[in-house]
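Q: Can you walk me through this one? I'd like the overall picture, then some detail.

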Amino acid sequence: APRVTAPGGPVQVLCVARLIERKGVGTLLAASAQLADLNWQLHIVGGGRDEQRLRAAAQTAGLVEKVIFHGSLTHSEVLNRCVRADVFVLPTLAESCSMAMLEAMSHGLPVIATHVGGNPALIEHGTHGLLFEPGDAAQLTRALRTLIEEGSLRATMSQANLNLIATQFIKVTFRTGAFRECFPMRPFISSGGNRARNLTLD
């Protein structure tokens, strides 16, 4: 079933990433600082050399009550965070194929992701989630505001992602090599069907 946020509760936003500059978590914090008027909570899962700098940035931006750094978690703990989340954010500046994003989609999470690498081949803007240009905090703020405010849109995207992942083989055809790190991709199969979907990156 599509995800439904608990009535009156904060919208739970999840980001799973190594805390290094290339993953764009600083952009996510900058965007989040512009959303103080909304009811949300951001969970950041992952560790890395920039962790202390990012924690300090969150404190400076007044986000201590809004942003929770969980550090590195086991795979089962990450899946548990997916179960509790309403939106998944991938703010990376460069990416080939994010398995964390695929896991999130398989749990019915709408995705906000950068328009890089394989993301546009998996995420149809406005259907499975929202895309933004890497490093553009203003675009990310607008995307976050849209999905935090619009529960019906989150539910529609949630169902679209469940359908995409659970009822189709995902078969990647690549020309630039951007998907090479995760090729061949493990198919997600359910009793709903096994129709192939070829994703080509020009």
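This is a predicted model: local features need pLDDT of at least 70, side-chain atom pairs count only at pLDDT 80 or more; totals for chains, interfaces and linings use all residues.

Q: OK, what is the secondary structure of the chain?
A: Seven helices and eight strands, taken as DSSP runs numbered from the N terminus (helices H or I, at least four residues; strands E, at least two).

Q: How much of the chain is buried?
A: Buried residues are 50% of the 202, buried meaning under 20% relative accessible area with a 1.4 Å probe, protein chains only.

Q: At what angle do α6 and α7 pack?
A: About 95 degrees, with the axes of α6 (residues 137-149) and α7 (residues 151-166) 5 Å apart. They are therefore roughly perpendicular, the term for 65 to 115 degrees.

Q: Which residues meet there?
A: Thr-146, Leu-147, Ile-148 and Glu-149 in α6 meet Gly-151, Leu-153, Arg-154 and Met-157 in α7; contact means heavy atoms within 4.5 Å.

Q: Switching to Asn-161: buried or exposed?
A: Asn-161, in helix α7, is buried, with a relative accessible area of 0%.

Q: What is Asn-161 in contact with, beyond its neighbours within four places in sequence?
A: Met-105, Leu-109, Pro-110, Val-111 and His-128. A polar atom of the Asn-161 side chain lies 2.8 Å from the backbone oxygen of Leu-109.

Technical notes. Residues are numbered from 1 along each chain as its sequence is written. Side-chain values use heavy atoms; hydrogens and water are left out. Axes are lines fitted to C-alpha atoms, for helices over the stretch in contact, and angles run from 0 to 180 degrees between N-to-C directions. Angles under 35 degrees count as roughly parallel, over 145 as roughly antiparallel, 65 to 115 as roughly perpendicular and the rest as oblique. A polar contact is a pair of N or O atoms within 3.5 Å; within protein, one must be able to donate a hydrogen and the other to accept it, and residues adjacent in sequence count only if both atoms are side-chain atoms.
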